[in-house]
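Here is a short briefing on the model shown below.

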Amino acid sequence: MSEKSKPRVAIFDFASCEGCELQIANIEEEIIDLVNLVEVVSFREVMKEHSDDYDIAIIEGSIVRPMDVESLKVIRKNAKILIALGACACIGGVNRLRNRFTKEELFNEVYGKTGFGDNPLFDVLDETKPVDGIVPVDYYIPGCPIDRNEFKRVILALCEGKKPELPGYPVCVECKKNENVCVFEKGQFCLGPVTRAGCDAICPSHGNSCEGCRGLIYEPSNECVKEVLSRYGLDYEEMTRRRNMFNCCGREDQ
Amino acid sequence: MNGKVSTDRTVSVHHLTRVEGHGNIHLDAKNGEIKRLEWEVPEAPRFFEAMLKGQHYSDVAHISSRICGICSIGHTLTSLKATESAFGIPVSEQTTALRRLAINGENMQSHVLHIGYLAAPDFFGVGSVFPLIGSKHNDTVIKIIKLHRLANEMSDLVCGRTVHPINMVPGGFTEYPSRKKLEDLLLRLPDAQDTLKEIAAAIKEISGAILDFSRETEYVALSTKGDYALYDGELTSSDTGVHDGDYLDFVEEYFVPQSTAKYSRHARESLMVGALARFNINGNSLNAAGMKMANFMDLKLPCHNPFMNTVAQMAEVAHNIEDCIVQVRTLLEKGVERETLPRIIPKAGRGVGVVEVPRGILIHDYTYDDVGRCKKANLIIPTNQNHGNIQKDMESLVPTILDRPEKEIELLLEMLVRAYDPCISCSTHYLDVRFV
């Protein structure tokens, strides 16, 4: 591949913990192979150089403020392909938990009575949004944090001119393959039946339950889920509350 | 400047690179007089204290872990300690040993990331680690990655995942490292110490890049008798000694007049937390490997040069590796047993957790209701505590370098901020935002 045909990649972050960008660094030695396949032109967390001339934009984080909406729109205009990286960018993730409150309630809770006037840095949207709540997204790399192997797969597919695809089946499929004891059998809640697979059921495989960080492919109100819950004597209300950690709907979930 | 000597200098760094989160630097000097000098933080607010409101205690650590991807293990441990203290949940010796291993792993991961990927490019005179790949420094880059990999694999082993740990819950662990994997780790740790020495030697060769600058401040860290405190200890100040009361009586958060800035202070106008503060408070308790690295890098007690924070991190990595060897040996001698998690009975009340995380003292303070839902959360983040000190360092440094070219001043100010390894994305409060 000649130098010119390398796709130019830029990585940006909005409201997030930057853990998904860290997961890119956590690919360790293989990052060198990826850097040879693409040209990284902007990645503020690890490089000083910056360019607005890029083919692929990778966005981490949720969109919180009108000023971030404007920055995102510019990135969308510059990029041929836009990828949402991680739960905050793909579905809003934990940041959506704040959508249970009004702006006034939020400021009172976190900053006390201090007024911030018309300072644009504090001008937040009524609701925290995922990237596709503002601009169209071409591809998603879900998870909190992203899975390092899935990130590699998506970037390699794009370099080969292919369309990367995500699993369309739930986490239960991977969990069964790993021969785990079903979390429901232990009398605990699990979002595995309704959450998109691709993480190799990492949480249930480590003695926890699925928390739905890769986004829901079915609603927990789904009849099959209700049946599972009633079989194990578990409360449906509790299940929807657990959904909120990464998939909170808003003020009705307060 | 056209080569003409002038004392007018303008530096404006929008979204400083190679730090976690977003920060700006502004300097405006006319005829040698500083008109404006600001460290400004425009990070998007995330409202974590509100996000935690109403959450069940079993979810609180997993939510608060998401404050920071770089120190998610530290946030998880601090959160668990707060919840355990609120409900009086006992923790076994084995759990404490595994948690110490986890905190060592995270400290190594975070410090190596900072030393190798964020700070070192300045020493090598490049904009990022990428141009070093395939250069004459390629060997050093490969060694940095190797050490970073080991730190992450250790955290993966103990915590289930290095970013946003899975295995750690109130009262203990849900999954345990196997004997075989701990034995493999023990074999690799001495080699990691050699790798670190080689990286240190390469950095020392070019460490003329570390500026000789000194400003004494108040250093704050946890301390405990006979140990280099990370997982546990008492709040300790270089000015006032050990503080055994509530942290709220220790740290004073305040707003600067005519601005929305929130600063922390205690005995004087600003304070410093993190590796250099820990070294200044606990340096004599470093283990042999940590001491050796400090000596090799010419880091001596007391050290008042904030640029040396990166070097203090190197001494800590050496200390961490040696401490891991001790912890893993102990775990192997005793044998890691699958423990039954304690039965948790929630009760209304408050619990505070305090841990030394890579960038300094982290405090989580929760108030729970009688069914175990979080009513109120207060989170004090290390970087919040350092912002005031960064500003004061800038005010002290700039007059001494004002005769230098703008590009050089800009680089030195960037290096100063980077030396603190700020983690601005951790912001749960709005940090030190000042407006002129």
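Ile363(B) sits in strand S13 of chain B, which covers residues 360–368. The model is predicted. Ile363(B) counts as buried because 22 other C-beta atoms lie within 10 Å, and the cut-off for burial is 20 or more.

**Around Ile363(B)**
- Neighbours within four places in sequence are set aside here; Ile363(B) then contacts Tyr247(B), Val352(B), Val354(B) and Ile380(B).
- Cys423(B) is 60 residues from Ile363(B) in sequence, and the C-alpha to C-alpha separation is 15 Å.

**Chain B as a whole**
- Chain B holds 11 helices and 14 strands.
- Its radius of gyration is 22 Å, close to the 22 Å that the globule rule gives for 436 residues, so chain B is as compact as a globular protein of that length.
- Along the principal axes, the C-alpha atoms of chain B fill a box of roughly 75 × 50 × 35 Å.
- Of the 436 residues in chain B, 56% are buried.
- Among contacts in chain B with a separation of 6 or more, 72% join residues 24 or more positions apart.

**Contact between the chains**
- Chain A brings 49 residues to the contact, and chain B brings 48.
- On the chain B side, helices H1 (48–51), H2 (57–64), H4 (93–123) and H5 (138–159) each supply at least two residues.
- H5(B) gives the most to that side, with 4 residues.
- By class, the side of chain B that touches chain A has 21 nonpolar, 17 polar and 10 charged residues.

**Cis peptide bonds**
- Cys144(A) and Pro145(A) are joined by a cis peptide bond, with omega about 0 degrees.
- Pro145(A) falls in the loop between strand S5 (139–141) and helix H6 (148–159) of chain A.
- In chain B, the bond from Leu301(B) to Pro302(B) is cis, and omega is near -15 degrees.
- The loop between helix H8 (288–296) and helix H9 (309–334) of chain B holds Pro302(B).

- Glu18(A) has a positive phi, near 65 degrees.
- Glu18(A) belongs to the loop between strand S1 (8–13) and helix H1 (19–25) of chain A.
- Glu18(A) is buried, because 26 C-beta neighbours lie inside 10 Å.
- Glu179(A) also has a positive phi, near 60 degrees.
- Glu179(A) is in the loop between helix H7 (171–177) and helix H8 (223–231) of chain A.
- Glu179(A) counts as exposed because 7 other C-beta atoms lie within 10 Å, and the cut-off for exposure is 12 or fewer.

Methods. Residues numbered from 1 in each chain as written. Chains lettered and ligands numbered in written order. Predicted model: local features only at pLDDT ≥ 70, side-chain atom pairs only at ≥ 80, totals over all residues. Contact = placed C-beta atoms within 7 Å. Nonpolar A, V, L, I, M, F, W, Y, C, P; charged D, E, K, R; others polar. Rg over C-alpha atoms; globule rule 2.2 N^0.38 Å.
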